[in-house]
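Please look over the sequence and the structure below before reading on. The briefing that follows goes through a few topics in turn.

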Amino acid sequence: MTEPTFVIVGASLAGAKAAETLREEGFTGRIVLLGDDHHRPYERPPLSKDLLLGKAEAGVPYVHEAGWYAEHDVDLRVGTRVIHVDRERKTVRTAAGEEIGYHRLLLATGSRPRDLPVPGAELGNVLTLRTLDDSDRLAEILTDGARLTIVGSGWIGLEIAAAARGRGVAVTVVTPESAPLQHVLGDELAAVFGSLHRTHGVDFRYRTHVAELRGDGDVAQVVLDDGTVLDTDYVLIAVGAAPNVELAEQAGLAVDGGVLVDAHHRTSDADIFAAGDIANIDHPLLGHRVRVEHWANALQSGPAAARAMLDRGTPWDHLPYFFTDQYELGMEYAGWVPPGGQSELVVRGSLDALEAVVFWTVEGRVAAGMNINVWEVTDQIQDLVRAGLAGQRIDLARLADAAVELPELLK
């Protein structure tokens with residue numbers, strides 16, 4: 001009997017960890033890992049952090065050593081774009097015209113930076129950050145004295161702003177918000193990040209949009225909707241990411257804000273799974289569909305989908321988690337605040353001193369927590385979030401009291 005073939009589309013962190021897990025779980029069939037990047041799978045957080053800062057100890061963050069794929073009989077094909085899935089014949093077709101049959105298929109196609117739909121967006125030196133090559137290009141051009149305009153004040157934009165200031169680059173951030181990360185963190189936390197970046201010399205242009213980019217070949221000016229003209233050498237577009245769901249849509253899978261998957265990462269086709277940025281999962285713990293674009297989700301969902309492909313999966317119970325490093329601020333966030341819900345912010349420690357743990361609570365239950373330069377508490381924060389999801393209410397005065405150990409709140 002022919003051994004089964006599992007095809008993974010997306011040589012990403014999620015895809016590579018899925019291949020690794022299949023072998024760890026004893027799968028002896030054929031594994032084909034296809035990616036349109038020309039590099040073998042790598043992790044993305046260092047692209048906007050250590051690699052961009054040019055830290056000597058920062059090597060390329062590959063998921064596996066170069067020989068790992070051959071040693072584990074994983075057919076890795078980089079620079080290979082899949083353009084078609086035939087669910088009836090159970091094949092995928094590459095842009096080169098090759099057809100590969102599958103018994104089960106995992107989609108881990110990730111996301112891409114959103115475009116800025118303004119005149120001049122096609123000019124040279126208008127950049128985005130998604131790939132290793134993008135990071136190398138930014139590291140090359142962000143030199144002392146250069147001028148960089150960043151469009152967008154989300155996590156990627158702010159991390160690049162911090163790295164650029166560390167390299168002596170003049171940075172201007174253009175954002176429609178009144179403070180960076182305002183729609184994500186709310187006014188009080190947004191003010192912390194705004195103050196941090198202003199202290200390090202970032203020029204914010206709040207409540208503005210880019211109307212036009214000007215230049216002769218390369219961008220030279222950014223025109224704002226209030227008529228302001230900013231001279232610049234480079235523009236970085238950081239206005240969010242869009243999930244790469246086109247292949248799933250072509251295959252006729254259920255898609256809505258991502259590829260719809262159940263708690264086992266199975267799509268509307270029983271033999272097709274999705275993981276990483278594109279997976280909009282029916283989260284049994286949160287009781288809501290959630291799509292998460294951060295590193296931890298890719299790291300954990302690839303293996304979870306792999307086990308489900310082997311019919312050994314368990315319902316997904318990981319809490320959303322992400323982290324950032326900007327200047328002297330290091331932060332981790334865990335949990336999830338229901339959209340549109342009214343939450344109350346509880347702070348223990350000092351935001352002014354950049355040393356605090358912040359909680360978002362809903363009706364006395366902890367929904368999410370963020371530790372800012374306070375370490376070794378992520379597990380405790382997640383315990384509080386899980387208790388909140390189970391219905392446990394916390395005394396908010398004790399929650400704010402740094403003298404009360406976090407585990408004591410659950411007793």
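This is a predicted model: local features need pLDDT of at least 70, side-chain atom pairs count only at pLDDT 80 or more; totals for chains, interfaces and linings use all residues.

**Inside the model**

**Nonpolar cores**

- Leu148 is also one of the residues with the most contacts inside the largest nonpolar core, together with Leu138 and Ile150, and this core has 47 residues.
- Helix H5, which covers residues 155-166, gives the most to this core, with 6 residues.
- Apart from that core lies another one, of 26 residues, including Ile8, Phe27, Tyr69 and Ala298.
- In soluble globular proteins, nonpolar side chains tend to be buried together.

**The cavity**

- The count comes to 1 cavity of 30 Å³ or more, and the largest cavity has a volume of about 120 Å³.
- The lining of the largest cavity is made up of 17 residues, of which Val292, Asn297, Trp316, His318 and Pro320 are the closest to its centre.
- Strand E20 (279-283) and helix H9 (295-309) are the elements that give two or more residues to this lining, and H9 gives the most, with 4 residues.
- By type, the lining residues of the largest cavity divide into 9 nonpolar, 7 polar and 1 charged.

**A region listed in UniProt**

- In an unreviewed entry, UniProt lists residues 321-409 as "domain: Reductase C-terminal".
- Over residues 321-409 the chain is 19% helix and 40% strand, while the end C-alpha atoms are 21 Å apart.

Notes:
Residues are numbered from 1 along each chain as its sequence is written. Side-chain values use heavy atoms; hydrogens and water are left out. A nonpolar core is a set of buried Ala, Val, Leu, Ile, Met, Phe, Trp, Tyr and Cys residues joined through side-chain atoms within 4.5 Å. Buried means under 20% relative accessible area, exposed over 50%, partly exposed in between (1.4 Å probe, protein chains only). UniProt positions are given in the numbering used here, feature names are shortened, and annotations may be inferred rather than shown by experiment. On a 1 Å grid over the protein atoms alone, a cavity is a set of points where a 1.4 Å probe fits but cannot get out, and a pocket is an open set with protein on both sides within 12 Å along at least five of seven lines; lining residues have an atom within 4 Å of a point. Grid points are joined across faces, edges and corners, and a volume is the space filled by probe spheres set on the points. Ala, Val, Leu, Ile, Met, Phe, Trp, Tyr, Cys and Pro count as nonpolar, Asp, Glu, Lys and Arg as charged, and the others, Gly among them, as polar.
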